Structures are given as C-alpha cells and as structure tokens.
Amino acid sequence: MSTEPVWPAELFTDLDRTGPIPLYYQISSRLERAIRVGTIPAGARLENEISIGEQLGLSRPTVRRAIQELVDKGLLVRRRGIGTQVVQARVSRPVELTSLHEDLNRSGISPTTRVLSLERMPADAATAQLLNVAVGTEITRIRRLRSADGTPMAVLENMLPPEFADITIEHLEAKGLYEILRARGITIKIANQTIGARRTHGDEHELLDLPKGSPLLTMERVAFDQGGRVIEAGQHCYRPDLYSFSTTLVAR
C-alpha cells in the first residue's frame, strides 16, 4: 500500500458554505461515507489538517473537529510519526477455541507475526502450576507481535510444556500456534479463559503503536487436550479499537 497521503478533494467541491449544516459536519459525514464504502481504504493516510484546510479554504479548527468526529467513531486514528490514518476493519472474535491467526484469516484479513522472543527456561512456581509440571521443569516461553494487514493488533505470550521445545521462530512466523499443534496430532478440547482489561505496561504501547498508558483488552487462557493434559497457557493483550470478543447468551 502506498504511503503517500490521500485526500479525495472531489468529495468536497459542493460544500454548502451558507446553509445551516456546519461545515465540519459536512466534511466528516462525507469522509465517513468514503471510508465505509472503501473509496478511502483501510490503512490509507490522510493529508494533514493544514493542507486540508488550505485546499478547502477552511480554518484548521474546523478541519480538526471534522477529523476528531471520525476518530471518536473509531474510523480514523492519529499515529505518532505517521499522521491520521484509516483504521483496519475491527475483528470480532467468538469466544471459542480458536487462535487469533485463525480469526484473522476467517475475517479475510492477512495476519503476520513477528516473534519477539522464544526462550527455554525453568518453570517458576506460578508457571509450573499453570502447566501442571514440576517447579524447575524446562518450559518454552514465546512472545509474539501479531499484525493484521500490517497494523499491529496484539501482543501474545504463550508458555508451553517440555514436549514442544523444538518449535522454532520459523514455525511461529509462518503459522498460528494452534495450527502448529494440530499438525502434531494435538486436539485442544477445552480451555479455561478469562477476558479483562488493563492499561499498557512495558513496551506494549510502542509495539501496538498506542500512547503510553492506553487501555488494552486482555485474555488469559489455559488449554487442555482430550486427555486433560495442559497444552499451553497464554496471556494476550489486544488493541480495543481493532478487536473485541463476542458471545451468545442463552437463558436457562
């Protein structure tokens, strides 16, 4: 995708400058339609506010308010060093035994993975309890950055028991973790999962291209195979403007 800024000036040739509808609203509503129908595609970067104002003959506060309307609706995002950008389509994840890699593919979005770390280490007491292994057992800890169509979406941390010590960075960058496990004959049948929220800490804001201290959606999961053996324990965090969980509730 081109990194050149876009501005569909043809959308604004007939702005009503004397009528009762505020100019900022006319701009924001036309921009919103263009984004929703794909005239301005996801990931596109808009011209800066000064340039837009000069092209339209409007003040910067008017343009800024129009842009902010769409930021508030989750259609645009302001990124450090990039400018104002159209956000990717939001992914809504069913609360079921799937991986983020699978959810993105199912939504027609291209996932990419950068492995931040892959370590073999002795399990401390908390990790040993999660994986149902003895304290000091060598386990594998993986940390990955998952992006959707080039936009960072989640930081994924997984801990695996000793039998998966041969999983490599190359494996993890090519496929989702659950896909790798299934290829080894593993069937994940049940999981304990908790969904929550917190603010960024450490390097998460930099990895996810967010202001420091931004809110995150979180998910913790311990997954078991058909024999009740722990297969993996995960602690993941997601950008809430791009990701959500959905479920169906049935009255009893």
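A residue is called buried here when its relative accessible area is under 20%, exposed when that area is over 50%, and partly exposed in between (1.4 Å probe, protein chains only). By that rule, 45% of the 252 residues of the protein chain count as buried. The model is predicted: local features need pLDDT of at least 70, side-chain atom pairs count only at pLDDT 80 or more, and totals for chains, interfaces and linings use all residues. Residues are numbered from 1 along each chain as its sequence is written, and side-chain values use heavy atoms, with hydrogens and water left out.

Start with the whole chain in cartoon view. The protein chain has 8 helices and 10 strands; helices (H or I, at least four residues) and strands (E, at least two) are DSSP runs, numbered from the N terminus. A contact means heavy atoms within 4.5 Å. Among contacts in the protein chain with a separation of 6 or more, 60% are between residues 24 or more positions apart.

Now select helix H1, residues 23-37. H1 has 15 residues and spans 22 Å from its first C-alpha to its last, close to the 21 Å expected at 1.5 Å a residue; the expected span is 1.5 Å times one less than the number of residues. Colour the buried residues of H1: Tyr24, Gln26, Ile27, Ser28, Ser29, Arg30, Leu31, Glu32, Ala34 and Ile35. Their cover includes helix H2 (49-56), H3, strand S1 (76-79) and strand S2 (83-86).

Axes are lines fitted to C-alpha atoms, for helices over the stretch in contact, and angles run from 0 to 180 degrees between N-to-C directions.

Which residues of H1 and H3 meet? Show Leu23, Tyr24, Ile27, Ser28, Leu31, Glu32 and Ile35 in H1, and Thr62, Arg65, Ala66, Ile67, Glu69 and Leu70 in H3. The contact residues divide into 8 nonpolar, 2 polar and 3 charged. Ala, Val, Leu, Ile, Met, Phe, Trp, Tyr, Cys and Pro count as nonpolar, Asp, Glu, Lys and Arg as charged, and the others, Gly among them, as polar.

Keep H3 and bring in H2. H2 and H3 pack at an angle of about 115°, with their axes 9 Å apart. Glu49, Ile50, Ile52 and Gly53 of H2 make the contact with Arg60, Val63 and Arg64 of H3. These residues comprise 3 nonpolar, 1 polar and 3 charged.

Next, look at two loop residues. Most residues other than glycine have a negative phi. Asparagine 132, in the loop between helix H5 (125-131) and strand S5 (138-148), has a positive phi near 60°. Asparagine 132 is exposed, at 66% relative accessible area. Aspartate 209, in the loop between helix H8 (204-207) and strand S8 (215-225), also has a positive phi, of about 55°. Is aspartate 209 buried or exposed? Aspartate 209 is buried, with a relative accessible area of 17%.

Finish at glutamate 163, in the loop between strand S6 (151-160) and helix H6 (169-174). Glutamate 163 is partly exposed, at 37% relative accessible area. Not counting residues up to four places away in sequence, glutamate 163 touches Arg184 and Arg229.
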